[in-house]
Amino acid sequence: MESDHSQPPPPPLGIPWKVCRATSLLFLGRQWGAVCTALILAVLAHELPISGFGRFTFYLAVFAFFDGFVDFGTGTVTLQRGTSNEEHFLAALGAARRVRAVTASCAGLFLGTCVLHWAEGGAAWIALAGFYPLTRVFEASALCFQRSIAHGVPVLVRSLSATLRLVSICGLALGGVHSVPLLLLVHASWIAAANLVLHRLARRHLPRIGDSTIPLDTPRLATLTLLRTAFPLALAGMFQQAYFYVDNLFVRSLLGLEELGLYNAAARIFSWLVLVAAYATSAALPWLVRRHEAGGLRAATARLGLCLSGIGVLAVAPLWLHDETILVSVFGNAYAGSATSLRWLLGAAICVFAGSGFLTAIIAAGKNWTAAMIALAALIVNVIGNLLWIPHMGIEGAAAATFASECTVCITSILILQRHV
């Protein structure tokens with residue numbers, strides 16, 4: 001009888017209030033960030049030529065891809081390994097910092113080399129902005145907030161950064177500064193500042209464990225162990241970012257910067273819409289890990305997926321009915337032609353809401369290679385779709401390719417979770 005009482009009770013099957021509260025907080029904070037980004041893009045859409053707007057959004061996509069590459073799966077693996085053990089968390093956190101230092105340096109050098117080689121206008125400013133991911137090395141400390149499902153401080157810091165980014169970029173653009181490279185540098189600088197502030201605030205919340213409890217060779221072993229675990233997640237993250245943003249490369253190379261500007265107006269609304277699903281699954285990951293350990297992952301994921309699907313339908317419906325009106329209201333009359341692309345992307349958003357919880361559950365179960373293969377399949381579908389459809393359908397083809405790739409993720413994640421996890 002004593003042994004029964006010595007076992008900790010399993011986590012609750014229902015979605016914990018802590019997860020719901022964290023999701024709501026992340027949603028509100030990220031929505032404010034999205035509002036700031038939307039206002040920035042709305043101002044730039046009116047102040048810059050469509051080609052300049054396309055160029056600005058192109059590099060935003062590049063930076064977003066770099067963020068995923070620099071993370072290299074370290075954030076998720078640190079939470080996987082350290083959710084229930086402080087020593088494991090600290091060892092994984094140190095390893096995550098070392099991995100991010102390497103990946104961030106590679107990303108910055110790669111972008112700098114490319115823009116200088118292509119003689120891109122304002123290459124020096126763009127190259128400098130490309131090194132902002134180095135601050136992700138320090139920002140890893142903020143994983144302690146996610147580990148505790150306590151997101152108040154990160155949300156506050158990122159919301160303040162978004163506000164300052166809005167004021168700075170819009171002030172410059174309205175004041176007559178239309179240099180896209182300079183505006184990109186301002187954008188990157190405020191993100192870097194937020195990362196450094198988060199590190200400073202997170203330090204006091206990190207677990208305190210004496211060095212004597214950790215073997216001397218732990219840093220090296222922890223890095224190798226984390227890399228072995230994180231590599232498939234890194235691939236999954238890069239594949240996921242690639243199929244999300246690779247259409248920028250195809251549209252720019254096949255149709256030009258003006259068509260890219262039109263396409264990215266619709267793509268930005270899609271990105272804003274799926275934030276709820278992204279942050280809900282991010283907040284739920286530690287809970288899903290615990291549910292997996294307790295043997296109740298499928299039931300918990302089904303509840304999460306049903307909840308997110310309902311939210312997705314409610315969010316998409318009004319946008320579907322007023323797609324062109326929304327585009328014109330935010331970006332101006334010149335962007336009304338993006339409405340058909342937006343309809344395809346709204347369909348893709350429904351797939352994201354329906355499937356993101358299942359993909360996160362596969363990661364929570366430790367099936368990292370499976371997650372990577374799902375993302376690779378989606379990337380292949382997206383690339384083939386772009387190659388086949390853009391020449392005949394224009395920017396609508398790129399949106400249709402995104403829809404096809406998100407359908408692939410949704411369907412395969414659900415089938416794999418039900419059959420193999």
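Here is a short tour of the model, stop by stop, with something to select at each one.

Before you start, note that this is a predicted model, where local features need pLDDT of at least 70, side-chain atom pairs count only at pLDDT 80 or more, and totals for chains, interfaces and linings use all residues. Residues are numbered from 1 along each chain as its sequence is written, and side-chain values use heavy atoms, with hydrogens and water left out.

**The whole chain**

Show the cartoon first: you'll find 18 helices and zero strands. Both are DSSP runs numbered from the N terminus, with helices (H or I) of at least four residues and strands (E) of at least two. Of the 421 residues, 54% are buried. Buried means under 20% relative accessible area, exposed means over 50%, and partly exposed is in between (1.4 Å probe, protein chains only).

**The core**

Now select Leu44 and Phe331, the residues with the most contacts inside the largest nonpolar core, which has 117 residues. Helix H11 (residues 218–255) gives the most to this core, with 15 residues. A nonpolar core is a set of buried Ala, Val, Leu, Ile, Met, Phe, Trp, Tyr and Cys residues joined through side-chain atoms within 4.5 Å.

Stay on Phe331. Beyond its neighbours within four places in sequence, Phe331 is in contact with Leu41, Ala45, His46, Phe53, Ala265 and Ile269. Contact here means heavy atoms within 4.5 Å. There is also a second, separate core of 12 residues, including Leu93, Cys144, Leu198 and Leu206.

**Leu308**

Next, pick Leu308 in helix H14 (residues 297–321). Leu308 counts as buried because its relative accessible area is 2%. Leaving out neighbours within four places in sequence, the contacts of Leu308 include Ala277, Phe353 and Ser356.

**Salt bridges**

The structure holds eight salt bridges, each a side-chain nitrogen of Lys or Arg within 4 Å of a carboxyl oxygen of Asp or Glu.

- Glu120 and Arg55 meet at 3.1 Å, N to O. Glu120 sits in the loop between H5 and helix H6 (123–129), and Arg55 in helix H3 (residues 50–71), 65 residues apart.
- Arg136 and Asp67 meet at 3.3 Å, N to O. Arg136 is in helix H7 (residues 136–139) and Asp67 in helix H3, so the pair ties together parts 69 residues apart in sequence.
- Arg100 and Glu139 have their closest N and O atoms 3.0 Å apart. Arg100 is in helix H5 and Glu139 in helix H7, 39 residues apart. Both Arg100 and Glu139 are buried.

Then select Asp67, Asp71, Arg100, Arg136, Glu139 and Arg158 together: salt bridges that share partners join them into one network.

**A patch on the surface**

Finally, switch to a surface view. Trp344, Ile380, Ile384, Leu388, Trp389 and Met393 form a nonpolar patch with about 540 Å² of accessible area together. Patches are made of residues with over 30% relative accessible area and no salt bridge: like charges are joined within 9 Å, nonpolar side chains (Val, Leu, Ile, Met, Phe, Trp, Tyr) within 5 Å. Accessible areas come from the Shrake-Rupley method with a 1.4 Å probe, and for residues, only the protein chains shown count as cover. Helix H17 (residues 368–393) supplies the largest share, five residues, while Trp344 is found in helix H16 (residues 339–364).
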